[in-house]
Amino acid sequence: LRTRAIPDSFWVCIRRGQDLVDERWRIQGVFDDCYYIMQAMQHEATSGCLFLDVGANFGACAIPLAQIGLQVLAFEPLPVVARLLRGAAARNGLTTSISVL
């Protein structure tokens with residue numbers, strides 16, 4: 001699924017009809033909180049910064065932050081969702097920027 005994030009959309013891997021988060025991605029295509037975090041970080045001196053995303057889920061915050069140059073340590077406790085996040089990182093060419101635990 002391609003997100004509706006502005007200015008740059010990105011690919012996410014989601015499950016079909018599993019829960020509220022999956023359906024929110026499918027319907028809205030973006031998580032506003034993550035967009036605001038990315039906007040704030042974009043205007044800061046972030047060279048060498050590591051962003052810790054706890055409960056990273058499908059990468060709503062991890063992916064756009066990696067796209068603007070941050071290194072991201074994404075912790076996702078659900079193995080199936082962590083695999084989907086790894087797939088999304090790969091699909092977006094961000095495997096060197098996002099480490100999924």
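The following conversation looks at how some terms apply to this predicted model.

User: What are the elements of the chain, and in what order do they run from the N terminus on?

Analyst: The chain has four helices and three strands, and from the N terminus on these elements run α-α-β-α-β-α-β.

User: What makes the three strands a sheet, and why is the sheet called open?

Analyst: The strands stand in the order β1-β2-β3 with parallel pairing, and together they form an open sheet. At the edges are β1 (50-54) and β3 (98-100), each with a single partner strand, so one side of each is left without a neighbour in the sheet. From one strand to the next, the twist averages 20 degrees.

User: How do you know that β1 and β2 are paired?

Analyst: Two strands count as paired if there are at least two bridges between them. Five bridges join β1 to β2 (residues 71-75), and the two strands run parallel, so by that cut-off they are a pair.

User: Which residues of β2 belong to its covered face, and which to its uncovered one?

Analyst: The covered face of β2 holds Val72 and Ala74, whereas the uncovered face holds Gln71, Leu73 and Phe75.

User: Why is Asp53 called buried?

Analyst: The word buried is used under 20% relative accessible area, and Asp53, with a relative accessible area of 8%, is therefore buried. Asp53 lies in strand β1, and, not counting residues up to four places away in sequence, Asp53 touches Cys61, Ala62, Val72, Leu73, Ala74 and Phe75. Over the chain as a whole, 41% of the 101 residues count as buried.

User: Why do Gln39 and Asn57 count as partly exposed?

Analyst: Partly exposed covers what lies between buried, under 20%, and exposed, over 50%. Gln39, in helix α2, has 25% relative accessibility and therefore counts as partly exposed. Asn57, in the loop between β1 and α3 (62-67), has a relative accessible area of 23%, so Asn57 is partly exposed too.

User: How is the second largest pocket described, and which residues are the closest to its centre?

Analyst: The second largest pocket has a volume of about 160 Å³. Twelve residues line this pocket, and Phe31, Cys34, Ala56, Ala60 and Cys61 are the closest to its centre. Helices α1 (20-28) and α2 (32-42) each supply at least two residues of the lining.

User: What makes a lining residue nonpolar here, and how many of each class does the second largest pocket have?

Analyst: Phe, Cys and Ala are among the residue types that count as nonpolar, so Phe31, Cys34, Ala56, Ala60 and Cys61, the residues closest to the centre, belong to that class. By class, the lining of the second largest pocket has seven nonpolar, two polar and three charged residues.

Notes. Residues numbered from 1 in each chain as written. Predicted model: local features only at pLDDT ≥ 70, side-chain atom pairs only at ≥ 80, totals over all residues. Heavy atoms only, no water. 1 Å grid on protein atoms, 1.4 Å probe; cavity = no way out; pocket = protein on both sides within 12 Å on 5 of 7 lines; lining within 4 Å. Points joined across faces, edges and corners; volume = space filled by probe spheres on them. Axes fitted to C-alpha atoms, helices over the stretch in contact; angles between N-to-C directions. Buried < 20%, exposed > 50% of the residue type's maximum accessible area, 1.4 Å probe, protein only. Contact = heavy atoms within 4.5 Å.
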